[in-house]
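Visitor: Please take one part of this model and look at it closely. I would like the packing of a pair of helices described, with whatever else bears on the surroundings.

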Amino acid sequence: MQSNSDFAVASTFSVGAHGWAVSYGPFGSTVRAIRLMLADGSIVNCSRTENAELFGLAMGGYGLVGILLDLELEMMPNTLMRPEYERMSADSLAERFMTKLRAPSTKMMYGRLNVARGDFFTEALLVSYRAEPTPPEGLPPVTRHGALTGLTRSVYRSQIGSESAKRARWIAETQGAPRLGSGLATRNTLLNEPVANLGSSPAGRTDILHEYFVPPAQFNAFLSACRQIIPKAKAEFLNVTLRYVAQDHTSVLSYAPTERIAAVMSFSQAMTPEGEADMMLLTEALIERVAALGGSYYLPYRLHARVDQFQRIYTGAERFAERKRHYDPGLLFRNSLWDNYLAA
């Protein structure tokens, strides 16, 4: 599942979202079967063995081939988790990330990078969780948890226009959080954070998310590209979270044809024509560099990618469009992704 608890399972499947439990691919990799209503009103059962083509089109297909009615999901037991914090240079992170990933004791894991301009993307933090024995009194009830941000909303927002706040946040995450205690939490608690914790953007500004999926061997080259491109932009860079995504050969619009390190980026942008133009140029530049590294970008966000960039990265797009027209010849199901990138 995703790292926030607010999102429905059908939408998570449709946009190919992923979480930070290891070692999984997109959420759809843990979906066994779906029931799908097609454009003609017929209802079909789909899985990797039954109507497999439709299953692959619907997984990460943005609702363009039908309406999801039911999903059969694999489940994981709720367990107690203990975190481990490791601070290192950013250039050392990818190797350590992949090594830690392979350890059987690692159940959940994410990384962070320092976003203060003076140390931009030069320092890294890796946080991994291992399972602990269930105490005799049983697991505690699920509560709201702040482990994914380690910050209050006000501290997170204070980073806008303040390098000192960004430095203070990094100190809090790398030094403060490890000293607070055991950090014990259940799996369900870790995944029970509402996205509203990062809300309340200041007037005149809006949040913009990017996500890039990079082959682990190319991660340091990705860091170099980010150091060159992001600081030149007018947008405020607030956060990056690093996660693992396993190989996905099921979705026709797969962003992970090989295993990837995912970089989820959060920007704050001025709601002006200048701010919008700046964000578009930034996005195009990052996508171009990521494409050159054999990586990909995530589709649900702003439509700033050029058509040629989309076509180069999503090599299954032509097949997806042809099969969508086969199952939905009247184009009943449409959205901006279809109109901007697939309809031609």
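**A helix pair and other packing**

Guide: Helix 7 and helix 8 lie roughly antiparallel to each other, because their axes meet at an angle of about 160°, and angles over 145 degrees count as such. The model is a predicted one. The crossing of helix 7 past helix 8 is right-handed. On the helix 7 side the contact is made by Phe 222, Ala 225, Cys 226, Gln 228 and Ile 229, and on the helix 8 side by Leu 282, Ala 285, Leu 286, Arg 289 and Val 290. Eight of these contact residues are nonpolar, one is polar and one is charged.

In the loop between strand 9 (236-245) and strand 10 (260-270) sits Ser 254. Ser 254 is buried, its relative accessible area being 14%. Its side chain reaches the backbone oxygen of Asp 248 at 2.8 Å. Leaving aside residues up to four places away in sequence, Ser 254 touches Asp 248 and Tyr 314.

Helix 10 covers residues 317-327, and its buried residues are Ala 317, Phe 320, Ala 321, Arg 323 and Lys 324. These buried residues pack against helix 2 (52-58), helix 9 (307-313) and helix 11 (336-342).

Another loop, between helix 6 (187-190) and strand 8 (205-214), holds Glu 193. Glu 193 is counted as buried because its relative accessibility is 2%. The C-alpha atoms of Glu 193 and Asn 4 are separated by 5.0 Å, although the two residues are 189 residues apart along the chain.

Conventions
Residues are numbered from 1 along each chain as its sequence is written. This is a predicted model: local features need pLDDT of at least 70, side-chain atom pairs count only at pLDDT 80 or more; totals for chains, interfaces and linings use all residues. Side-chain values use heavy atoms; hydrogens and water are left out. Buried means under 20% relative accessible area, exposed over 50%, partly exposed in between (1.4 Å probe, protein chains only). Helices (H or I, at least four residues) and strands (E, at least two) are DSSP runs, numbered from the N terminus. Contact means heavy atoms within 4.5 Å. A polar contact is a pair of N or O atoms within 3.5 Å; within protein, one must be able to donate a hydrogen and the other to accept it, and residues adjacent in sequence count only if both atoms are side-chain atoms. Axes are lines fitted to C-alpha atoms, for helices over the stretch in contact, and angles run from 0 to 180 degrees between N-to-C directions. Angles under 35 degrees count as roughly parallel, over 145 as roughly antiparallel, 65 to 115 as roughly perpendicular and the rest as oblique. A crossing is left-handed if the near helix is turned anticlockwise from the far one by less than a right angle, and right-handed if clockwise. Ala, Val, Leu, Ile, Met, Phe, Trp, Tyr, Cys and Pro count as nonpolar, Asp, Glu, Lys and Arg as charged, and the others, Gly among them, as polar.
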